[in-house]
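Please read the following report alongside the sequence and the three-dimensional view.

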Amino acid sequence: MAVPKRKTSRSKRDSRRAQHKVKLVNLSECPQCHQPKLPHCVCPNCGYYKGREVIEVE
Ligand SMILES: [Zn+2]
């Protein structure tokens with residue numbers, strides 16, 4: 001198995017870990033109830049997707 005020749009410097013290690021932050025989820029507005037929802041997903045608030053009711057929400 002290949003082994004690294006040199007110890008990774010603190011700078012290199014830390015700059016790599018600088019990208020480990022959690023990404024924000026992007027939300028889109030539901031055209032039916034105007035609540036934020038995940039894009040390409042059925043709205044959890046009203047159950048609508050593509051202009052029709054897909055799942056029933058009480
Ligand atoms: Zn909705």
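## Salt bridge

A salt bridge is counted where a side-chain nitrogen of Lys or Arg lies within 4 Å of a carboxyl oxygen of Asp or Glu. Searching the whole structure under this criterion finds one salt bridge. Arg13 forms a salt bridge with Asp14, and their closest N and O atoms are 2.9 Å apart.

Arg13 is partly exposed at a relative accessible area of 28%, and Asp14 is partly exposed at 38%; buried means under 20% relative accessible area, exposed over 50%, and partly exposed in between, with a 1.4 Å probe and protein chains only.

## Basis of the model

This is a predicted model, in which local features need pLDDT of at least 70 and side-chain atom pairs count only at pLDDT 80 or more, while totals for chains, interfaces and linings use all residues. Residues are numbered from 1 along each chain as its sequence is written, and side-chain values use heavy atoms, with hydrogens and water left out.

## Zinc site

The protein donors of the zinc ion (N, O and S atoms within 2.8 Å of the metal, or 3.2 Å for Na, K and Ca; water is not among the atoms, so sites may look incomplete) are the SG atoms of Cys30, Cys33, Cys43 and Cys46, which lie 2.2 to 2.3 Å from the ion. Along the sequence, these donor residues follow the spacing C-x2-C-x9-C-x2-C, and both Cys43 and Cys46 are buried.

The arrangement is tetrahedral because the four donor atoms subtend angles of 106 to 114° around the zinc ion, the criterion for four donors being that all angles lie between 85 and 135 degrees.

Technical notes: Four donors count as tetrahedral if all angles lie between 85 and 135 degrees; four count as square planar and six as octahedral if opposite donors are over 155 degrees apart and all others between 65 and 115; anything else is irregular.
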